[in-house]
Amino acid sequence: MRKSQITRITRIPQNAPLRDQTWMDVDRIASVEVSSEESDYPIESALLLEGKRGWRAANPGMQTIRLIFDEPQKLRRILLVFEDTENSRTQEFVLRWSPDIQYSSREIVRQQWNFSPPDSVRETEDYAVELSEVKVLELMIVPDKSGGEVRASLVSLRLA
């Protein structure tokens, strides 16, 4: 009999106080694949703990960021921060994980957000999860559901 535990996900409220968190050093424990990146905004800027500028795609349209861990990881928290101060748009992202590199992925969350500058420019998604044996974590971003020429961006992705 094949079985797996149902993933539990809880969204941490944005007004919840930030606890001291020890984030994973992704640079040390994983490799990354990215569908495109602007040279001034490389993916490292969103993944590394000292990163400040974030990542931005070189091309418009759907983008994929895939972390492939050297060893399977246990994830308890996933923090994503998106920001756009220039474009009114509806963005959708899908976060998936897999226990193997054959990408038999399982969806964690699918979320849409309306950016509407100057009032609604920052989306912070903070999830408490219970995931074991994670070999691949994949983030797919559709920056504009209406098909506009907007490039995807990500301020930060943190894992604990």
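A polar contact here is a pair of N or O atoms within 3.5 Å; within protein, one must be able to donate a hydrogen and the other to accept it, and residues adjacent in sequence count only if both atoms are side-chain atoms. This is a predicted model, in which local features need pLDDT of at least 70 and side-chain atom pairs pLDDT 80 or more, while totals for chains, interfaces and linings use all residues. Residues are numbered from 1 along each chain as its sequence is written, and side-chain values use heavy atoms, with hydrogens and water left out.

The side chains of arginine 77 and aspartate 126 are joined by such a contact, of 2.6 Å. Arginine 77 belongs to strand S4, residues 63-83, strands being DSSP runs of E of at least two residues, numbered from the N terminus. Arginine 77 counts as buried because its relative accessibility is 5%; buried means under 20% relative accessible area, with a 1.4 Å probe and protein chains only.

Arginine 77 is also among the residues that leucine 159 touches, together with Ile78 and Leu137, leaving aside residues up to four places away in sequence; contact means heavy atoms within 4.5 Å. In the largest nonpolar core, of 33 residues, Ile78, Leu137 and Leu159 touch the most other members. Such a core is a set of buried Ala, Val, Leu, Ile, Met, Phe, Trp, Tyr and Cys residues joined through side-chain atoms within 4.5 Å.

Terms used
Helix = DSSP H or I, 4+ residues; strand = E, 2+ residues; numbered from the N terminus. Buried < 20%, exposed > 50% of the residue type's maximum accessible area, 1.4 Å probe, protein only.
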